[in-house]
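Dear colleague,

Please find below the structure that I am handing over to you. My notes on it come after the display.

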Amino acid sequence: GGTVIGSARCQDFRTREGRLKAARNLVKRGITNLCVIGGDGSLTGADTFRAEWSSLLAELLKTGGITAEEAKKSSYLNIVGMVGSIDNDFCGTDMTIGTDSALHRIMEIVDAITTTAQSHQRTFVLEVMGRHCGYLALITSLACGADWVFIPESPPEDDWEDHLCRRLTETRLGGSRLNIIIVAEGAIDKHGNPITSDDIKNLVVKRLGYDTRVTILGHVQRGGTPSAFDRVLGSRMGVEAVMALLEATPETPACVVSLSGNQAVRLPLMECVQVTKDVTTAMNEKRFDDALKLRGRSFQNNWNVYKLLAHIRPPSTKSGYTLAVLNVGAPAAGMNAAVRSTVRIGLIHGHRMLAVHDGFEGLAFGKVEEISWERVGGWTGLGGSKLGTKRTLPKKYFEEISANISSFGIHGLIIIGGFEAFTGSLEMMEGRAKFEELCIPLCVIPATVSNNVPGSDFSIGADTALNTITTTCDRIKQSAAGTKRRVFIIETMGGYCGYLATLAGLAGGADAAYIYEEHFNIRDLQINVEHLTEKMKTTVKRGLVLRNERCNENYTTDFIYNLYSEEGKGIFDCRKNVLGHMQQGGTPTPFDRNFGTKMGAKAVAWITGKIKECSRHGRIFANTADSACLLGMRKRSLVFQPITELKEQTDFEHRIPKEQWWLKLRPILKILAKYNIELDTSEKAHLEHVRQKRISLESNI
């Protein structure tokens, strides 16, 4: 955690004298490329520094601080920025480095507080960091299903006190034993007056007499070990930053490398700084709608989903439609968050919501019940699958399933699960020809630790599994640091999909990660052993090797362990660990809770439209390819893809997509393990502009 090279808020650099000193230090060392990792202050400073560069050199030359020769060699300075800030307050980037780790810290505390609040029937007011940005507060509220959130970008209406008390009373009457209110440290009302956690506590105590406690999280949010997401993000951005510097010319503007969805992008530093300043201006001028817009589409999307899930009660007029939700495949953390948002958003749309227990099998055996708003309360933070999940495919039960769809009057299915959810849905499509009841819209939401579902870069549960593996690798490496000269061989899950092994390798600093997708032979194993032998001569006397469970049927974990033990005799000794089912369990990470929540909300909005589209004289008949879709995260947006179209992109024998985006990260793993290899840089991130990106707002949920 933290920063190994140290960090400081440097007052000197704000002055021209300070920048002159800095310029001289760079020139004397012949440094012409600078990579700045910091928040908006550091990046604004970097931009000023670059703009002044030629005048700083001229002044140094005049005062004799540098020679003409040196000035010529350092005639221009290239700067690239990476945003490292827990506040996620920098415009142009979806996630800044450190935000996910801060959310991990916050959620650990919120989960712990939830248990005590439930025991004592208390109201908790939690204050989180973020200065003038409400991102941390917003995501925390989404991830724990808070009753109310105060963020600076969208102050509450003037009668908020009455509204808040009404909400808290409603929740209590609904049978909930706790209330959680999240406050961003910069929270204000419509007139710009601060709203503090104490103000809220006093209000609740005075008006409702509830036992209320305030917890201010403070600096714990900055600390701790970085999450898997942040480690991978930092590594990817680092590579992108070096590429940007190598390609820079005196003419290219200083840029920031950042993340948009799942894609690395480059944005002009000054535009980002400007939009970030515009947000502050908008807030100071009380143009709160503009402030929300300027924060970007990801922020707005989160805010819209939060408002839907927390503040709107189901309408009195019913839609007359019935939706069923089920889990298929192996359990994955975050499934319950997806079910919760599916149920609640469905009820908001006026639908009757049914929960199916035990997947397709439960649908066949009639394990179906109506599910209410209150029933899914508190589900976001629960791991596993509350509805129960099975791998059974529907084909052999078509008659029973059709009978139940008909008897329960189901008009649409939302299937949350792994590869079987996808193949099972394909079977349902085939069954449409014979069974008219199967002609209803269906939507698949990918949820599996293996991340092997076609049509999506990520699946719910993979982030949690990745963090479990990374944490375990950290502990194992620590034990190796004590004994010295030890190599650990760790087997991860994933079926034939090497996602977990590769990303855990990147996050845990592994020396090698063996996967099915990248063929390896005895020569490669030998090279790895020789590489580790060399490594033992350095100061780092330990090794970490990951192996995906099905990467090769002959080179098993035991085989690799025996080979390394034999070849490393006298140089290093080996230990092996098979991580097993711990990878499917655990509390979902903030990413999986938020991802599940958003996917559920989007799926219901889509299926509602589809049901209306397929409605003829009060009957639903859906028989087109686009009435059965998979909702996936593709590069920069959430997209619905007809599952029959995804068939072409799938290797059914090995249950993996034919093309997988993360294979491009594999060379980074090898370079970081100090192998001399070429990096394919053909896919360049082009410089984009912040302005255009802002306008294409995601369609309303």
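Predicted model: local features only at pLDDT ≥ 70, side-chain atom pairs only at ≥ 80, totals over all residues.

Residues are numbered from 1 along each chain as its sequence is written, and side-chain values use heavy atoms, with hydrogens and water left out.

Helices (H or I, at least four residues) and strands (E, at least two) are DSSP runs, numbered from the N terminus. Buried means under 20% relative accessible area, with a 1.4 Å probe and protein chains only.

Strand β7 covers residues 255–260, and six of the six are buried, so the strand is largely enclosed by the rest of the structure. In a regular strand the side chains alternate between the two faces of the sheet. In β7, C255, V257 and L259 point one way, and V256, S258 and S260 point the other way.

Two strands pair if DSSP finds at least two bridges between them. Strand β2 (residues 78–83) pairs with β7 in the parallel sense over three bridges, and V80 has C255 as its bridge partner there. With strand β8 (residues 263–268), β7 pairs in the antiparallel sense over six bridges; S260 stands opposite Q263. β7 and β8 form a hairpin with two residues between them, and G261 in the turn has a positive phi of about 65 degrees. Five of the six residues of β8 are buried.

Helix α6 (residues 160–173) and helix α7 (residues 197–208) pack at an angle of about 65 degrees, with their axes 11 Å apart. Axes are lines fitted to C-alpha atoms, for helices over the stretch in contact, and angles run from 0 to 180 degrees between N-to-C directions. Contact means heavy atoms within 4.5 Å. The residues that make the contact include W160 and L164 of α6 and I200 and L203 of α7.

Yours sincerely

Terms used. Buried < 20%, exposed > 50% of the residue type's maximum accessible area, 1.4 Å probe, protein only.
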